[in-house]
Amino acid sequence: MSIWDIFKKVESERGSQKPEYIIAGLGNPGLTYEGTRHNAGFMAIDKLLEDTSSSGFKMKFKSKCTTAVVGGKSCLILKPETFMNNSGEAIEAAMSFYKIPIERVVIAFDDISLDVGKLRIRRKGSHGGHNGIKSIVALTGSEDFPRVKIGVGKKPRPDYDLAKWVLSKFSKSEQEALDSALTAAAESIRLIVSGKIDEAMNKFNS
């Protein structure tokens, strides 16, 4: 067995251990919502998994879920299938099953207060009006989880319908900035899980 084969075997075994962290990206399931601003959290998970050996998605905890080693830790990675407003159902179910404390739950989601391409990492905080985060706070009873906010741009004008805006797709001119932000979001998640949230905030906060 080559050194590479041994490395892959060790990584696979570590990924099959009881997860130490939950990493979740928020969004809405289904083809209708693919590529929309509200699905930036899903996109961040996809970006994270591009360079990560995972076990492949399966349905559990009302989510598409997989396991992988991220930042040197065994992690359960979720894309809730509950629709945004009920995201907390998936997070709470996974937390309860594995007895994972809220401080080890990392959430990636869209933020309309940030320009496309910008990130904001926080150790904890209020829901800020975001319905997915509001659901998580309500069902877990805590705001004390790290989060990665991904800028999706402000509404074009104050009277523009918010639901219409967050369910709209990114323009071609926004795509390069979005791709850069998703790459940064994936890196920031790795840093958070490896215990380097201050480094992530210093490096990526806009």
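1. Let's start with Ser 63, which sits in strand E3, a stretch covering residues 63-70. Keep in mind that this is a predicted model. Ser 63 has a relative accessibility of 0%, so it counts as buried; the cut-off for that label is under 20%.

2. What does the side chain of Ser 63 reach? It reaches the backbone oxygen of Phe 61, at 2.9 Å. If you skip neighbours within four places in sequence, Ser 63 also touches Lys 58, Leu 78, Lys 79, Pro 80, Glu 81 and Ala 90.

3. Now for the nonpolar cores. The largest one has 35 residues, and Ile 23, Ile 77, Leu 119, Val 148, Ile 150 and Ile 189 have the most contacts inside it. Helix H6 (residues 172-193) gives the most to this core, with 10 residues. Apart from this core lies another, of 21 residues, including Leu 26, Cys 65, Leu 76 and Met 95. As background, nonpolar side chains in soluble globular proteins tend to be buried together.

4. Take a look at Ile 189 in your viewer. Again leaving out neighbours within four places in sequence, Ile 189 is in contact with Ile 23, Leu 48, Val 70, Val 106, Ala 108 and Val 148.

5. Last stop: helix H7, residues 197-204, whose buried residues are Ile 197, Ala 200, Met 201 and Phe 204. Why are they on the same side of H7? Because they cover an arc of only 95° around the axis. An α-helix has 3.6 residues a turn, so residues three or four places apart point the same way. Strand E6 (119-122) and H6 are among what covers the buried residues of H7.

Key:
Residues numbered from 1 in each chain as written. Predicted model: local features only at pLDDT ≥ 70, side-chain atom pairs only at ≥ 80, totals over all residues. Heavy atoms only, no water. Helix = DSSP H or I, 4+ residues; strand = E, 2+ residues; numbered from the N terminus. Buried < 20%, exposed > 50% of the residue type's maximum accessible area, 1.4 Å probe, protein only. Polar contact = N/O pair within 3.5 Å; in protein donor to acceptor, adjacent residues only side chain to side chain. Contact = heavy atoms within 4.5 Å. Core = buried A, V, L, I, M, F, W, Y, C linked by side-chain atoms within 4.5 Å. Arc of directions from axis to C-beta.
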